[in-house]
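Dear colleague,

I am handing over the structure below, and I would be glad if you could read it alongside the notes that follow.

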Amino acid sequence: MRYFWKIGNQKFNIRRTIFACIFAIVLTITTFGWSSATAYKPSTAVDFHRIPIGDGRISTQPQIGFLWSCRTEFRGPRRHGAHASGNWIDRNKTYDITTKPTVNGNVYWPGDFEMAIKDRSRQIVSNRLPQDPTGIFPISPDDDAYAFDRNPNSIRSARATLNLPANPQLAETPSCVPMGQVGILLNGGYLFNALDANGKDALAHEIQDSCQGHPEHRGTYHYHSITTCLDKRDPGNGHSALLGYALDGFGIYGHRLDGGRLATNSDLDVCHGHTHEVDWDGKKTKLYHYHATWEYPYTIGCYRGTPVKVARPRRPESARGEARL
Ligand SMILES: [Zn+2]
Ligand SMILES: [Zn+2]
């Protein structure tokens with residue numbers, strides 16, 4: 001006996017369809033394996049449908065797969081971030097970044113990012129606006145993202161100067177990363193650590209725009225990972241290009257290692273980096289550098305160099321972006 005679904009003029013053999021589904025599921029499991037945040041094992045392939053959630057992976061010392069956060073207490077009322085989660089979160093252990101909602105919009109800003117090397121210092125002057133597009137913030141009530149995250153902040157600009165060491169050195173011991181800025185990307189967007197204001201995995205829970213960015217309460221547009229919108233600056237094979245700088249002056253490179261393989265935490269040290277020859281200011285130089293991964297903590301786990309102090313922005317100004325279709 002044969003069972004068919006009939007949709008339009010197409011007939012579907014139910015038994016054959018069920019076998020095909022089972023085969024696809026088995027293939028997916030054998031290719032990617034089950035992931036689980038409780039039995040966390042760094043994977044060799046990235047399954048974007050099941051990225052382990054990093055909640056609770058905050059340490060008080062350098063540790064692979066953890067964020068050594070200077071702040072460890074996150075009690076108190078939930079003031080910022082997502083207020084609800086949806087079906088991109090799988091029983092709080094993994095999340096599917098391909099189905100997570102994004103904030104609508106395609107807004108372009110007059111982003112300014114200038115870099116010059118003076119003496120031993122790399123001076124970066126920016127206006128805190130990204131050169132890659134953003135979503136529309138505050139999140140509008142008619143945006144489907146509003147059901148999960150009502151980010152009320154507008155993107156604001158402020159003149160900012162960073163003086164990083166041009167040739168950074170490893171510190172005697174690593175150090176913890178603060179909340180707020182931990183680096184700057186070459187598109188002018190700020191890089192924050194992997195945590196949201198509640199101490200949870202920001203990339204898993206916060207609703208961001210399609211470049212994985214959003215503004216905080218002072219209007220600073222930032223990412224908690226290396227934005228996929230910078231990938232166009234990355235050649236797509238071999239070792240990733242330099243995509244930003246950490247506040248200790250070391251470079252932050254994209255997701256790929258030599259040979260083009262995607263980096264995982266197990267390829268990197270406790271602070272999420274390693275040392276080998278890279279292009280550095282136009283010269284091949286053997287130097288420590290951080291890498292992006294699709295595994296939490298996504299970028300910097302701790303500082304290997306000595307971070308510079310950053311001044312709080314003077315009064316941020318309202319900024320005007322240009323919405324494009
Ligand atoms: Zn954030
Ligand atoms: Zn590398």
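Which cysteine forms a disulfide with C70, and how far apart are their sulfur atoms? The partner is C176, with the two sulfur atoms 2.1 Å apart. Please bear in mind throughout that this is a predicted model.

Disulfides

Across the whole structure the search finds three disulfides, and when the bonded cysteines are numbered in sequence order they pair as 1-2, 3-4, 5-6. The link of C70 and C176 is right-handed, with 100 degrees about the S-S bond. Because C70 lies in the loop between strand 5 (67-68) and strand 6 (89-90), and C176 in the loop between strand 12 (160-165) and strand 13, this pair ties together parts that are 106 residues apart in sequence. C70 is partly exposed at a relative accessible area of 43%, and C176 is partly exposed as well, at 23%.

A disulfide also joins C211 to C229, with an S to S distance of 2.0 Å, and this link is left-handed, with -90 degrees about the S-S bond. The pair connects distant parts of the chain that are 18 residues apart, C211 being in the loop between helix 2 (202-205) and strand 15 (213-215) and C229 in the loop between strand 16 (221-223) and strand 17. Both of these cysteines, C211 and C229, are buried.

C271 and C302 form a disulfide with their sulfur atoms 1.9 Å apart, and because the torsion about its S-S bond is about -95 degrees, the disulfide is left-handed. C271 is in the loop between strand 18 (251-253) and strand 19 (273-280), whereas C302 is in the loop between strand 20 (283-291) and strand 21 (317-318), so the pair ties together parts that are 31 residues apart in sequence. C271 counts as buried at 0% relative accessibility, and C302 likewise counts as buried at 0%.

Zinc sites

The zinc ion (ligand 1) is coordinated by H214, H222 and H224, each through NE2, at 2.0 to 2.2 Å, and these donor residues are spaced H-x7-H-x1-H in sequence. H214 is buried, with a relative accessible area of 4%, and H222 is buried at 3%.

Strand 13 and its partners

Strand 13 (residues 181-185) is largely enclosed by the rest of the structure, because five of its five residues are buried. Three bridges join strand 13 to strand 14 (residues 190-192), the two running antiparallel, and G183 has L191 in strand 14 as its bridge partner. These two strands form a hairpin with four residues between them, and G188 in the turn has a positive phi of about 90 degrees. Strand 13 also pairs with strand 17 (residues 242-246) in the antiparallel sense over three bridges, where I184 stands opposite Y245.

The search finds one cavity of 30 Å³ or more, and the largest cavity holds about 30 Å³ of space. Its lining is made up of Q63, I64, G65, F66, N265, D269, V270, H272, P297 and G301, which divide into four nonpolar, five polar and one charged.

With best regards

Conventions: Residues are numbered from 1 along each chain as its sequence is written. Chains are lettered from A and ligands numbered from 1 in the order in which they are written. This is a predicted model: local features need pLDDT of at least 70, side-chain atom pairs count only at pLDDT 80 or more; totals for chains, interfaces and linings use all residues. Side-chain values use heavy atoms; hydrogens and water are left out. Donors are N, O and S atoms within 2.8 Å of the metal (3.2 Å for Na, K and Ca); water is not among the atoms, so sites may look incomplete. Buried means under 20% relative accessible area, exposed over 50%, partly exposed in between (1.4 Å probe, protein chains only). On a 1 Å grid over the protein atoms alone, a cavity is a set of points where a 1.4 Å probe fits but cannot get out, and a pocket is an open set with protein on both sides within 12 Å along at least five of seven lines; lining residues have an atom within 4 Å of a point. Grid points are joined across faces, edges and corners, and a volume is the space filled by probe spheres set on the points. Ala, Val, Leu, Ile, Met, Phe, Trp, Tyr, Cys and Pro count as nonpolar, Asp, Glu, Lys and Arg as charged, and the others, Gly among them, as polar. Two strands pair if DSSP finds at least two bridges between them. A disulfide is a pair of cysteine sulfur atoms within 2.5 Å.
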